[in-house]
Amino acid sequence: MSQITHQKMLPNGALFLLLTCFSGLVYGEVAANFNNCLQFFYRNEPPKGITGSDYRHICQLYHNAYRFATLYDIKYRTPLYSAYKLHSPDGKRPRPDWMIEPQLANSKGDKSMKYIKNPDQNLKESQAVNNDYIRSGFTRGHLAPSSHQATKDDRTATFTLTNIVPQAAISNNQEWNKFEQNLSDRFKNVCKDKLYVVTGIIPYQSGEHKIKDRVFIPEYIWSAYCCNDNNVGKDQGKYFPTYAAVGRNDPNSGDDVVEKSPKNSGYDVREMPLEELEAILKKKLNMNITLFDGHCGAK
């Protein structure tokens, strides 16, 4: 690790003990793939069909345990998606400092996901920082929400800006929040084994919509889930074993993806079959994306 600056001067045994001690400080991990955190994807399979050179795989590690996975866009300085397994929380929402990921700036740097009050220019170039959101007119919108995590450590780990997008307050606090709560209720009432969730964004197709001229604002937020419970099937209704949703993040967007309703101030959320969401992603992102590789619900 980068903290060890005199490795060649240490005996092998001493070096091993020093590395062991430092291993307790590791919180985040940027890698070439998701091999270390495949457990957050249904059947250990991340979404397929995503192309581009600006994406970075982050296995979100906190207190020596992986908490969720994120595909981060270093050009847009937002995640494309976060993937996690939904759980019922065992306590209240924490209020930690907003953390960032040093390894996005330097692959050989410190692995620790951490709060840095005054990040240097290299860090700012690689990702969003807290000052980007202050007085920006947008809230910090979680893709993997703290309310869907089991323990305090699980919930705290979601407060990394690599899991955050600029989200309109009405969407974050009202319409999208209602969808997240409905998802929690379905997990508690129907899907009692494992509910795999992938939540992501759709950027604007034209123009540069950014906060602080740095962090791109998504036009839509989407989510899809798969219930891995042998006792849950299509006989449970249209919402199982898999379903999806898209929410508006701009009241002035067209009605081609989500029709605007006056009662929701233009931040409507529309639920839909998984196949419909994948068709929207194909059109808007110009990628042939499959979220669960056609396996969710297959017998």
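The sheet first. It is an open sheet of eight strands, in the order β1-β2-β3-β4-β7-β10-β11-β12, with antiparallel pairing. β1 and β12 stand at the edges with a single partner strand each, so one side of each has no neighbour in the sheet. On average, neighbouring strands here are turned by 20° against each other, direction ignored.

Some ground rules. This is a predicted model: local features need pLDDT of at least 70, side-chain atom pairs count only at pLDDT 80 or more, and totals for chains, interfaces and linings use all residues. Residues are numbered from 1 along each chain as its sequence is written, and side-chain values use heavy atoms, with hydrogens and water left out.

Now the terms. Strands (E, at least two residues) and helices (H or I, at least four) are DSSP runs, numbered from the N terminus. Two strands pair if DSSP finds at least two bridges between them. Axes are lines fitted to C-alpha atoms, for helices over the stretch in contact, and angles run from 0 to 180 degrees between N-to-C directions.

Let's walk across the sheet. Strand β3, residues 65-73, runs antiparallel to β4, and five bridges join them. T70 stands opposite S82 in β4. The two strands form a hairpin with four residues between them. In that turn, R77 has a positive phi of about 60°.

Is β4 mostly covered or mostly open? Covered: eight of its eight residues, 78-85, are buried. Buried means under 20% relative accessible area, exposed means over 50%, and partly exposed is in between (1.4 Å probe, protein chains only).

Next comes β7, residues 194-203. β4 pairs with β7 in the antiparallel sense over five bridges. Y84 has V197 in β7 as its bridge partner.

Keep going. Ten bridges join β7 to β10, again antiparallel. T199 stands opposite S223 in β10. Then seven bridges join β10 to β11, also antiparallel. S223 turns up here too, opposite A245 in β11. How many residues of β10 are buried? Ten of the eleven, so β10 is largely enclosed by the rest of the structure.

One more step. β11 and β12 pair in the antiparallel sense over four bridges. V246 has R270 in β12 as its bridge partner.

Where is the kink in α5? It is centred on N177, at about 45°. The bend at a residue is the angle between axes fitted to the seven residues ending there and the seven starting there.

How does α5 sit on the sheet? It lies across β7, β10, β11 and β12, and runs at about 5° to β10. Contact means heavy atoms within 4.5 Å. Among the buried residues of α5 are W176, F179, L183 and F187. An α-helix has 3.6 residues a turn, so residues three or four places apart point the same way. The cover over the buried residues of α5 includes β5, β6, β7, β10, β11 and β12.

Last, the loops. A cis peptide bond joins F240 and P241, with omega about 5°. P241 lies in the loop between β10 and β11. N44 has a positive phi near 60° and is not a glycine. N44 sits in the loop between β1 and β2. At 46% relative accessibility, N44 counts as partly exposed. D213 also has a positive phi, about 55°. D213 is in the loop between β8 and β9, and at 60% relative accessibility it counts as exposed.
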